[in-house]
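Colleague: Please put the model up, and I will ask about a few of its parts.

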Amino acid sequence: MILIILFGAACFLAYSNGANDNFKGVATLFGSGTLNYKKAIIWATTTTFAGSVAAIFLAGTLVKNFSGKGLVPDSLIQSPEFAISIAIGAAITVFIATKIGMPISTTHSLVGALFGSGIVAVGTSFNFAKLGSTFLMPLIVSPLMAALVSFIAYLVFKKLRKIIGVTKETCVCVGEERIPVIKDNNTNEFISVENKKRASIKISNELQCIEAYKGNFLGINSQKLLDFAHYASAGVVSFARGLNDTPKIVGLLIVINAMDIKWGMIAVAIAMAVGGLINAKKVGEMMSKKITPMNSGQGFTANLITGLLVTTASVHGLPVSTTHVSVGSIFGIGTVTKKADLKVIRNILLSWLLTLPIAAFCSAIVYWILITI
């Protein structure tokens with residue numbers, strides 16, 4: 001029975017993770033108008049699942065890190081109650097954040113949950129040094145690095161675009177508009193002309209215009225080439241997220257030999273996909289529309305940097321957060337264009353600050369309940 005509860009807790013965590021995280025890789029596709037929401041979430045789900053499967057072969061180090069090995073005594077790691085409390089504490093935190101539309105880090109939640117249950121279980125025997133060096137430092141440094149790298153990369157790409165002669169073009173809206181009801185000054189009667197139309201022309205404001213790129217690169221239309229690269233980069237980010245996040249959840253299952261690592265990763269991958277398909281929209285809109293407006297070139301740059309940083313971290317066993325890296329990259333773009341919404345960024349940072357203590361508290365309560373009943 002306890003193993004069934006553990007499996008259910010891990011799947012709940014995977015579902016919450018998918019709901020909060022799956023859309024982040026394609027947020028710039030949706031935000032820049034390159035894809036609509038439905039097509040974007042399908043692409044995110046497909047590539048995230050592929051990353052989860054690849055994790056079976058490429059991310060063994062992360063599985064060990066998130067089992068809690070080295071943070072607490074080995075005897076505690078073999079306790080299913082310990083693993084259950086971590087899974088439930090992190091899952092509750094991520095699920096609540098998803099419901100209010102805040103893009104938080106499942107990695108951060110797991111670290112908080114490990115800390116909360118570990119303190120209740122072993123007190124001062126908890127390895128605080130490893131917690132800081134292996135977990136907290138990558139989580140703090142990664143968004144700052146992402147913002148800086150995307151800031152520099154966009155300036156470089158912008159310079160190259162101008163050198164090769166690719167220019168931006170914006171839209172002029174041409175169509176028809178209704179003429180309102182007017183008053184005849186001679187008779188003081190209103191003349192109904194609401195069904196009549198007249199030609200109109202207007203230039204949308206900067207936030208409403210969709211920027212496109214005009215010109216060719218190596219004989220290929222630059223906008224089509226950029227759209228393809230943007231689409232591919234979003235796939236890379238989602239793949240990297242699946243590669244980085246799946247082992248963290250599976251680590252909770254294999255430490256007590258609850259199931260084979262391959263079947264554990266497949267179960268987690270399916271739960272993540274379902275969570276993303278059902279509950280990703282609120283967080284998706286926050287990431288896509290509210291941090292900063294962007295065009296396809298800016299979105300491509302943010303995704304490229306996110307994908308490179310998260311993939312590199314996964315291969316080297318560093319538990320960075322796709323959320324932190326992705327938000328950092330998008331914010332870096334918004335800093336260059338001077339369109340970032342600082343109020344939204346402040347709220348996101350506050351949610352990040354609260355993630356660890358909330359996950360620690362929830363996990364500690366669950367663990368205390370499990371060992372006392």
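Colleague: Is H6 largely enclosed or open, and how many of its 20 residues are buried?
Modeller: This is a predicted model, where local features need pLDDT of at least 70, side-chain atom pairs count only at pLDDT 80 or more, and totals for chains, interfaces and linings use all residues. Residues are numbered from 1 along each chain as its sequence is written, and side-chain values use heavy atoms, without hydrogens or water. Buried means under 20% relative accessible area, exposed over 50%, and partly exposed in between (1.4 Å probe, protein chains only). H6 is largely enclosed by the rest of the structure, because the buried residues number 14 of the 20.

Colleague: What span does helix H6 reach from its first C-alpha to its last?
Modeller: Helices are DSSP runs of H or I with at least four residues, numbered from the N terminus. The expected span is 1.5 Å times one less than the number of residues, which gives 28 Å for residues 80-99. The span in the model is close to that, at 28 Å.

Colleague: Which residue just after H6 takes a positive phi?
Modeller: The phi angle there is about 85°. The residue is Gly101.

Colleague: Is Asn295 buried or exposed, and which backbone nitrogen does its side chain reach?
Modeller: Asn295 lies in the loop between helix H11 (281-290) and helix H12 (296-315). Its relative accessibility is 4%, so Asn295 counts as buried. At 2.8 Å, its side chain reaches the backbone nitrogen of Gln298.

Colleague: How does Ile266 count by relative accessibility?
Modeller: Ile266 is found in helix H10. Its relative accessibility is 31%, so Ile266 counts as partly exposed.

How values were computed:
Helix = DSSP H or I, 4+ residues; strand = E, 2+ residues; numbered from the N terminus. Polar contact = N/O pair within 3.5 Å; in protein donor to acceptor, adjacent residues only side chain to side chain.
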